Amino acid sequence: MRRSLVPLALAVAAGCASPASPAQVTGSVSYRERIALPAGGRLRVTLLDVSLIDQPARVVAERELEARGQVPIPFALEVERARIDPDRRYALHAELSAAEGGLRWATPTAVPVLTRGAPSAVEIVVARVAGAGAPAGVRVFAYDCAGLAFRAEVGAERAIVFLAGRSVTLPRVPSASGAKFSDGSTTFWSRGAEASLHVDGALHTGCRQRARPVP
């Protein structure tokens with residue numbers, strides 16, 4: 001009797017890992033600003049196939065839900081396992097919108113998931129979108145440098161520099177020309193349509209303004 005139970009147990013275990021069962025990505029979405037999430041807001045999480053660098057990302061699955069309470073907001077996204085190719089690369093993009101539909105926060109860069117060693121549970125930090133409820137007098141610019149793209153939210157006394165997965169708040173410091181912001185280790189200096197950024201020990205010069213925010 002005991003021997004007959006062993007194959008049955010193995011069969012049940014194999015059934016749990018059946019390729020027909022859906023793949024699931026879970027996690028939470030939050031932002032760094034100390035701003036209350038507007039009531040009635042919406043969270044949209046999109047799973048993208050980002051395997052081809054020279055082509056637009058392909059939408060694999062998407063879910064939209066009411067953003068209840070305050071951040072972090074939990075989410076779970078399911079997709080048919082047959083649609084996930086282990087040799088391809090996948091990433092998540094998240095957006096937080098106000099009740100009236102205006103986009104407020106979004107991921108600066110997509111977050112890798114599922115394949116090639118990427119996790120299936122992630123914590124996503126979104127960045128405020130240009131013009132989305134920024135304080136009066138604050139301007140938001142997007143810059144392209146050689147090998148680096150970033151956004152800067154510039155005010156009279158401080159600037160917030162948005163990098164991949166993080167942001168740095170810098171106080172304004174005296175400068176002979178332009179607007180200079182620095183905390184001693186990170187420095188953002190803008191002069192007209194050009195800027196430079198010293199971050200993580202590297203100096204990026206010749207950064208040019210873009211017409212639209214970094215995606």
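These legends describe close-up views of a predicted model. Local features need pLDDT of at least 70, side-chain atom pairs count only at pLDDT 80 or more, and totals for chains, interfaces and linings use all residues. Residues are numbered from 1 along each chain as its sequence is written, and side-chain values use heavy atoms, with hydrogens and water left out.

**View 1**
Strands are DSSP runs of E with at least two residues, numbered from the N terminus. Two strands pair if DSSP finds at least two bridges between them. Strands of a sheet pair through backbone hydrogen bonds, either parallel or antiparallel.

**View 1. Strand 9 meets strand 16.**
Strand 9 covers residues 139–145. Its antiparallel pairing with strand 16 spans three bridges. Here tyrosine 143 faces glutamine 209 of strand 16.

**View 2. Strands 13 and 14 pair side by side.**
Strand 13 holds residues 179–182, and strand 14 holds residues 187–191. Four bridges join them in the antiparallel sense. Lysine 180 has tryptophan 189 of strand 14 as its bridge partner.

**View 3. Strands 15 and 16 form a hairpin.**
Two residues lie between the strands. In the turn, aspartate 200 has a positive phi of about 55°. Five bridges pair the two strands in the antiparallel sense. Glutamate 194 has arginine 208 of strand 16 as its bridge partner. Their side chains also meet in a salt bridge (2.9 Å, N to O). The term means a side-chain nitrogen of Lys or Arg within 4 Å of a carboxyl oxygen of Asp or Glu. Glutamate 194 lies in strand 15 (residues 194–199) and arginine 208 in strand 16 (residues 202–210), so the contact ties together parts that are 14 residues apart in sequence. Glutamate 194 is partly exposed at 39% relative accessible area, and arginine 208 is partly exposed at 43%. Buried means under 20% relative accessible area, exposed over 50%, and partly exposed in between (1.4 Å probe, protein chains only).

**View 5**
The model has five salt bridges. Glutamate 64 sits in strand 3 (residues 58–66) and arginine 44 in strand 2 (residues 42–49), 20 residues apart. Glutamate 64 is partly exposed at 39%; arginine 44 is partly exposed at 33%. Shared partners join Arg42, Arg44 and Glu64 into one network. Arginine 58 is partly exposed at 41%, whereas aspartate 49 is buried at 4%.

**View 4. One cavity of 30 Å³ or more is found.**
A cavity is a set of points on a 1 Å grid over the protein atoms alone, where a 1.4 Å probe fits but cannot get out. Grid points are joined across faces, edges and corners, and the volume is the space filled by probe spheres set on the points. The largest cavity has a volume of about 70 Å³. It has 13 lining residues, and the closest to its centre are Val125, Val126, Ala127, Phe162 and Ser167. Lining residues have an atom within 4 Å of a point. Strand 8 (121–128), strand 11 (158–163) and strand 12 (166–173) each supply at least two lining residues. Strand 8 gives the largest share, four residues.

Technical notes
On a 1 Å grid over the protein atoms alone, a cavity is a set of points where a 1.4 Å probe fits but cannot get out, and a pocket is an open set with protein on both sides within 12 Å along at least five of seven lines; lining residues have an atom within 4 Å of a point.
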